[in-house]
Amino acid sequence: MDATALFKMTYGLYVVSAEADGQRAGCVVNTATQVTSTPPRVMVAVNKENVTAGVIAAAKAFTVTVIDKTADMPYIGNFGFRSSATYNKFEHYGCETSAVGSPYSPEHVCALLACKLVDTVDVGTHLLFIGDVVDAQKLSDEEPLTYAYYHAVLKGKTPPKASSYQA
Ligand SMILES: Cc1cc2nc3c(=O)[nH]c(=O)nc-3n(C[C@H](O)[C@H](O)[C@H](O)COP(=O)(O)O)c2cc1C
């Protein structure tokens, strides 16, 4: 098997966030996608060891923001290489609250999807959180950042907890 075939799959980059019991959490994911249009429904795959997974489960809601091309590596590092357990990720890029009560940062993102959790599927290392989109907003006219652009232009790395990580 040629596992590098999986590198041919294309993705965007997103921050998925939630808040429950006073704990705010959020992390970068490439594994977010719309799965149905009636009703509008999306899913995100989050590693069980990420703080964000437990907070989404407790909140029964999550918010996806679509990262745009104005994002730089410090921004990706803020959400994608640190732990919400010990660090406030919503301090440096602004903090607003979505329709489902999730914190989100409005900088470097071009759209927002606020979702109510409707199902959770255990896929091993990760949980698939499936949510109904109850509010959606365009936040800017910037182009969405793709995973290919992240690798080619920002020279970004894929950390071990990403669904697409290969050792
Ligand atoms: C480019 C990139 C893609 C990522 N994709 C995913 C992903 O699809 N799913 C996931 O669970 N983590 C993914 N991660 C890793 C999380 O963002 C990272 O483990 C984060 O620090 C977790 O934060 P938390 O513990 O506060 O939830 C990705 C990180 C980066 C930088």
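**Entry 1: aspartate 21**

I began with aspartate 21, which counts as exposed at 79% relative accessibility. For that word I used these cut-offs: exposed is over 50% relative accessible area, buried is under 20%, and partly exposed is in between, with a 1.4 Å probe and protein chains only. Aspartate 21 sits in the loop between β1 (14-20) and β2. I took strands as DSSP runs of E with at least two residues and helices as runs of H or I with at least four, numbered from the N terminus. The phi of aspartate 21 is positive, about 50°, although this residue is not a glycine.

A note on the model before going on: it is predicted, so I kept in mind that local features need pLDDT of at least 70 and side-chain atom pairs count only at pLDDT 80 or more, while totals for chains, interfaces and linings use all residues. Residues are numbered from 1 along each chain as its sequence is written, and side-chain values use heavy atoms, with hydrogens and water left out.

Where is lysine 60? I found lysine 60 in the loop between α1 and β5 (61-67). Its phi is near 55°, again a positive value in a residue other than glycine. Lysine 60 is exposed, with a relative accessible area of 56%.

I also looked at the peptide bond from threonine 38 to proline 39, and it is cis, with omega near 0°. Proline 39 belongs to the loop between β3 (32-37) and β4.

**Entry 2: the ligand**

Which residues come nearest to the ligand? I noted Thr31, Asn47, Thr52, Arg82 and Ser84, out of the 28 residues around it. A residue is near a molecule if one of its heavy atoms lies within 4 Å of it.

Next I checked polar contacts, here pairs of N or O atoms within 3.5 Å. A polar side-chain atom of threonine 52 is 2.5 Å from an oxygen atom of the ligand. Arginine 82 brings a backbone N or O atom to 2.7 Å from a ligand oxygen. For valine 51, a polar backbone atom is 2.9 Å from an oxygen atom of the ligand. The ligand taken alone exposes 650 Å², and the protein buries 96% of that; such accessible areas come from the Shrake-Rupley method with a 1.4 Å probe.

I then sorted the shell around the ligand by class: 14 residues are nonpolar, eleven polar and three charged. Here Ala, Val, Leu, Ile, Met, Phe, Trp, Tyr, Cys and Pro count as nonpolar, Asp, Glu, Lys and Arg as charged, and the others, Gly among them, as polar.

Which element gives the largest share of the shell? It is β2, with four residues. Elements that supply at least two residues each include β2 (23-29), β4 (40-47), α1 (51-59), α2 (73-80) and α3 (147-152).

**Entry 3: pairs along the chain**

Isoleucine 76 lies in helix α2. Is isoleucine 76 buried or exposed? I have it as buried, at 2% relative accessibility.

Glutamine 166 is in the segment after α3 and counts as partly exposed at 28% relative accessibility.

Last, I looked up serine 140, in the loop between β9 (126-138) and α3. Serine 140 is partly exposed, at 23% relative accessibility. From C-alpha to C-alpha, serine 140 and proline 106 are 9.5 Å apart in space and 34 residues apart in sequence.

Terms used
Polar contact = N/O pair within 3.5 Å; in protein donor to acceptor, adjacent residues only side chain to side chain.
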